[in-house]
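Here's a quick briefing to read with the model open in your viewer. Take a look first, then we'll walk through a few spots.

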Amino acid sequence: MRSELGEGPLVVAGAGYAGLTVAQEVHRRSRGALPTVLVDRHPVHVLRTELYEIGRMAAEGSRSADWIVPLAEVFDRSLVELREGEVEGIDLEARTLTLSSGEIAFGALVVALGNVAAYYGVEGAREHTHQVYRLSGALALARRLREVMLGSADLPGERRPRVLVVGGGATGTEVAAEIATTNWAAVTGRPTRPPDVFLITGSLPFLAGLPPGVVERARSLLGRAGVSLVFGLNVRRVESDRLTLEDGTTLVFDVAVWCAGLEAPPVARQLPVAHGHAGRLAVDACLELPGHPGVFAVGDVAEWKDPGDDGSVVPATAQVALAEARVAAQNVIARWNGAPLVPFRYRQRGLVVAVGPRRAAGALGPLTLWSSPAALLKRAVQREYSRAVSHGETSGVI
Ligand SMILES: Cc1cc2nc3c(=O)[nH]c(=O)nc-3n(C[C@H](O)[C@H](O)[C@H](O)COP(=O)(O)OP(=O)(O)OC[C@H]3O[C@@H](n4cnc5c(N)ncnc54)[C@H](O)[C@@H]3O)c2cc1C
């Protein structure tokens, strides 16, 4: 890499929505002239926005391949070098990355390492709950649910399997609805008893940050899906078969799922730079780490404050990750050419929360969409994204 950034390629750490798009965009804009290395712990891009599809995962015949796109497929006709390895450390002064597979020097760096589940010190939560933030976690949850449903017809008396989902954001809503609406008899090929599904929303407002019309529709669709909502109480402790709420109420479960929050991964939290909420890397208007020219952070790991909107923080969504990635790619090239950087600007295009496979609630501009049209829109957006990515194209949708 030339200019004031010193020797070494552009290294993109993380091949999720943000990192993959940065690598694609830099390659496209520089016509392959800017040497780029894309690092991830896995040789695949995970379609993380689809990991709530637990019923489909639990069905026989579903393979983990349905939720991934191999990176070699995405970059087969490009000069982007793929490197598999765990990022264990980042040295911003020496401009090196320590990987489980060796060290790598960078001229410019884009940190796009996403986030991890946050347990807020709740005793037993990490040990006794499942999560869908990673593909391995979602598949483990699907296996466990399949096992529980297979045995459900033999439960004593009228007892049904009980599933508790913790977290009243979009992920908790999607997971609870999916579990409640799955036809488990079809999935397991045996008679089953439908599960009782509870969504424990915690002390934050249900679907905080979403327009009131969407919240209202989602709540009504959840009711129709058979999900019971428990409002206003945080979880204090989790044991192997029960959890305790902060008012002392104990709820017994067969399966518990933690969708209560996210934080920056340890390797990002350890960096000696300014951090925002939950350890996210605080970036400037152009998505660069202040004081570290040529080092950018994008996607869930980054915290960008909107200067035109009272400094509000953009949400951790794939939509934001893709938008940031395109601007970061432009700015990497600007640094390379010694040109001025461009500020990031965010405009939300729309959002849709799935409530089972055929229902959803969402907003598109000023319009509130719900039920089947919203579900069809979500499905179309997901399909278009995975089609574009598999063909090595950058996608503006999600
Ligand atoms: C169930 C679910 C549904 C969602 N639905 C939507 C939706 O409908 N719309 C929407 O906009 N957003 C949605 N989101 C949020 C969206 O998935 C995230 O905002 C998005 O994945 C962020 O992209 P990212 O590139 O920052 O992180 P990620 O996509 O998580 O990518 C991070 C990458 O970094 C890699 N990595 C992490 N740590 C290391 C390490 N130490 N070493 C090497 N590699 C590492 C990971 O393997 C991964 O490939 C959903 C999330 C979930 C969990």
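In which strand does Phe-296 lie? Phe-296 sits in strand S20, which covers residues 295-297. Keep in mind that this is a predicted model.

**Around Phe-296**
- Phe-296 counts as buried because its relative accessibility is 0%, and the cut-off for buried is under 20%.
- Leaving out residues up to four places away in sequence, Phe-296 touches Leu-109, Val-110, Val-111, Cys-286, Leu-287, Glu-288, Asn-331, Val-332, Arg-335 and Leu-341.
- One of those contacts is Cys-286; it is 10 residues from Phe-296 along the chain, with 8.4 Å between their C-alpha atoms.

**Strands S11 and S17**
- Strand S17 runs over residues 255-258 and is covered on both faces.
- Val-255 and Val-257 are buried on one side of S17, and Ala-256 and Trp-258 are buried on the other.
- S17 pairs with strand S11 (residues 162-166) in the parallel sense, over 4 bridges.
- Across that pairing, Leu-164 stands opposite Ala-256 of S17.

**Helix H11**
- H11 takes in residues 371-390, 20 residues in total, and spans 29 Å from its first C-alpha to its last, close to the expected 28 Å.
- Buried residues in H11 include Ser-371, Lys-378, Gln-382, Tyr-385 and Val-389.
- Just after H11 you'll find Gly-392, with a positive phi of about 70°.

**Domains**
- Domain 1 is made of 3-41 + 85-115 + 264-348, while domain 2 is 125-261.
- Taken over C-alpha atoms, the centres of domain 1 and domain 2 are 34 Å apart.

Technical notes. Residues are numbered from 1 along each chain as its sequence is written. This is a predicted model: local features need pLDDT of at least 70, side-chain atom pairs count only at pLDDT 80 or more; totals for chains, interfaces and linings use all residues. Side-chain values use heavy atoms; hydrogens and water are left out. Buried means under 20% relative accessible area, exposed over 50%, partly exposed in between (1.4 Å probe, protein chains only). Helices (H or I, at least four residues) and strands (E, at least two) are DSSP runs, numbered from the N terminus. Two strands pair if DSSP finds at least two bridges between them. Domain bounds come from an automatic or database domain assignment. The expected span of a helix is 1.5 Å times one less than its number of residues. Contact means heavy atoms within 4.5 Å.
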